[in-house]
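Subject: Structure handover

Hi,

Here is the structure I promised to pass on. Please open it before reading further.

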Amino acid sequence: MRRPPTHFLWLVALAAAYTLVVAVSNVLVDKFIDLGPFGMLSAGTLTFGATFTLRDMAHQSSDRAGLGRTPVIAMIGVAAVANVMVAAVLGIPGRFLLASFGAILLSELIDTEIYQDRKSTRLNSSHLGISYAVFCLKK
């Protein structure tokens with residue numbers, strides 16, 4: 001029996017971690033941390049930042065395996081659906097469910113396209129800034 005390539009196994013592990021972090025972030029979305037004079041901060045914001053790194057690592061692993069962006073798009077879709085299912089089971093308000101589902105799909109898919117565009121140029125260092133800008137727009 002032929003063993004799957006390492007990059008494929010790594011991609012599966014990254015997809016599972018990404019889905020878990022997205023779900024945890026959205027479970028925490030309606031929990032707030034009081035920052036005094038600076039206002040309130042959603043606790044989900046603290047964990048959601050890890051999705052950038054996991055998604056970018058998935059891009060790299062997918063590219064090394066020669067699979068392109070398709071597995072990353074599938075990972076984003078699975079995470080969005082899993083997120084809605086977990087949130088529905090936990091009774092998270094519908095407005096958070098809808099906003100989170102839409103924000104994940106829209107921003108992550110846009111960021112995926114930006115990543116694909118930037119990897120073909122020498123502007124890879126700008127990806128972090130663009131990725132962060134997309135994150136700020138979605139919050």
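Below are my notes on the salt bridges and the nonpolar core.

First, a caveat: this is a predicted model.

**Salt bridges**

The structure holds three salt bridges. Start with Arg55 and Asp111. Their side chains meet at 2.1 Å, N to O. Arg55 sits in helix H3 and Asp111 in helix H5, so this pair ties together parts that are 56 residues apart in sequence.

Are these two residues buried or exposed? Arg55 has a relative accessible area of 0%, so it is buried. Asp111 counts as buried too, because its relative accessibility is 1% and the cut-off is under 20%.

Arg55 also forms a salt bridge with Glu108, with the closest N and O atoms 2.5 Å apart. That pair again links distant parts of the chain: Arg55 is in helix H3, Glu108 is in helix H5 (residues 94-119), and 53 residues separate them. Glu108 is buried, like Arg55.

Then there is Asp56. The closest N and O atoms of Arg55 and Asp56 are 3.6 Å apart, and the two form a salt bridge. Asp56 is buried as well.

Through shared partners, these salt bridges join Arg55, Asp56, Glu108 and Asp111 into one network.

**Nonpolar core**

The largest nonpolar core has 14 residues. Tyr18, Val22, Ala58 and Ile104 have the most contacts inside it. Helix H1 (6-27), helix H3 (50-64) and helix H4 (70-90) each give two or more residues to this core.

What does Val22 touch, leaving out residues up to four places away in sequence? Its contacts are Phe48, Thr51, Ala79, Asn83 and Ile104.

Best wishes

Conventions: Residues numbered from 1 in each chain as written. Predicted model: local features only at pLDDT ≥ 70, side-chain atom pairs only at ≥ 80, totals over all residues. Heavy atoms only, no water. Core = buried A, V, L, I, M, F, W, Y, C linked by side-chain atoms within 4.5 Å. Buried < 20%, exposed > 50% of the residue type's maximum accessible area, 1.4 Å probe, protein only. Helix = DSSP H or I, 4+ residues; strand = E, 2+ residues; numbered from the N terminus. Contact = heavy atoms within 4.5 Å. Salt bridge = Lys/Arg side-chain N within 4 Å of Asp/Glu carboxyl O.
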